[in-house]
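Below is a short note to read alongside the coordinates. Please check the points against the model as you go.

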Amino acid sequence: MKQVVAKRYDFSNVKFMSTAQLSQHYSIYTKYIDSFNKAQEDMLSNIITSNCSSNYSDIRSAQKATTFCLDSIKLHEMFFENLTGNNNKIYGNIEEIIDEKFGSYKNFTEKFKCIAQAIRGWVTFCYDTTSDDYFIYGQDSHDDGVILCAKPLIVLDVYEHSYMIDYGINRELYVDVFFENLDFSVVNNRINHI
Ligand SMILES: [Fe+2]
């Protein structure tokens, strides 16, 4: 796989989140990219196949790092992309989908916010290409709880590093702030590309 390069995001219109919080979170994202690229580099070495142990081997570490870091990179990019502070009133296809599936946007956010309290890593609202249906999914870590063939439409990072600087242990308030900043034009664009 090609080396990954960090994307840039404009957080200038994000409300109720400090520059320190957002810039440190962005730095974490770049560290995942560094680790992913190093793991890819190591995988190209022939020496790495001299030990194929499932107990302890360089190739196992590199393979596990590849999955963990690449999932993290993709999730962080979708999270930063839908966190702009713009277009945060629901409209369009996402409104129709949520009304049909949950009855109202209020019902949807109540369920999403409850899952955000119960889960340790990521909460996503996805279109599942296998069942042709929409679900809220929770992941306890980047590579734990991933649903194959599900396309994320809304992505929220609930790792503590996402909010501790601004909100301490008050995740509930942070999740409210996320919805104040969720960009529905980004979400509708994802639906258009399913
Ligand atoms: Fe994060």
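This is a predicted model: local features need pLDDT of at least 70, side-chain atom pairs count only at pLDDT 80 or more; totals for chains, interfaces and linings use all residues.

1. The protein is divided into domain 1, residues 19-81, and domain 2, residues 92-192. The centres of the two domains, taken over C-alpha atoms, are 24 Å apart.

2. To the contact between the domains, domain 1 contributes 14 residues and domain 2 contributes 13 residues. On the side of domain 1 that touches domain 2, helix 1 and helix 2 are the elements that give two or more residues. Helix 2 has the largest share of that side, with nine residues. By class, this side of domain 1 holds six nonpolar, six polar and two charged residues.

3. Helix 1 (residues 19-43) packs against helix 2 (residues 58-81) at an angle of about 145 degrees, and their axes are 8 Å apart. The crossing of these two helices is left-handed. Residues of helix 1 in the contact include Tyr29, Tyr32, Phe36 and Met43, and those of helix 2 include Asp58, Ala65, Cys69 and His76. Sorted by class, the contact has eleven nonpolar, five polar and two charged residues.

4. The largest nonpolar core has 27 residues, of which Phe79, Ala116, Trp122, Val123, Ile154, Val155 and Leu156 touch the most other members. Two or more residues each come from helix 2, helix 3 (92-102), helix 4 (105-118), strand 1 (122-128), strand 3 (150-157) and helix 6 (171-181). Because domain 1 and domain 2 both give residues to this core, it lies between them.

5. Leaving aside residues up to four places away in sequence, Phe79 touches Val155, Leu156 and Asp157. There is also a second, separate core of seven residues, and Tyr32, Phe36, Ala39 and Cys69 are among them.

6. Asn87 is not a glycine but has a positive phi of about 50 degrees. Asn87 belongs to the loop between helix 2 and helix 3. Asn87 counts as partly exposed because it has 16 C-beta neighbours inside 10 Å.

7. Asp132 likewise is a residue other than glycine with a positive phi, near 55 degrees. Its place is the loop between strand 1 and strand 2 (133-139). Asp132 has 7 other C-beta atoms within 10 Å, so it is exposed.

Definitions and conventions:
Residues are numbered from 1 along each chain as its sequence is written. Axes are lines fitted to C-alpha atoms, for helices over the stretch in contact, and angles run from 0 to 180 degrees between N-to-C directions. Helices (H or I, at least four residues) and strands (E, at least two) are DSSP runs, numbered from the N terminus. A crossing is left-handed if the near helix is turned anticlockwise from the far one by less than a right angle, and right-handed if clockwise. Two residues are in contact if their C-beta atoms, placed from the backbone, lie within 7 Å. Ala, Val, Leu, Ile, Met, Phe, Trp, Tyr, Cys and Pro count as nonpolar, Asp, Glu, Lys and Arg as charged, and the others, Gly among them, as polar. A nonpolar core is a set of buried Ala, Val, Leu, Ile, Met, Phe, Trp, Tyr and Cys residues joined through C-beta atoms within 7 Å. A residue is buried if 20 or more other C-beta atoms lie within 10 Å of its own, exposed if 12 or fewer, and partly exposed in between; C-beta atoms are placed from the backbone. Domain bounds come from an automatic or database domain assignment.
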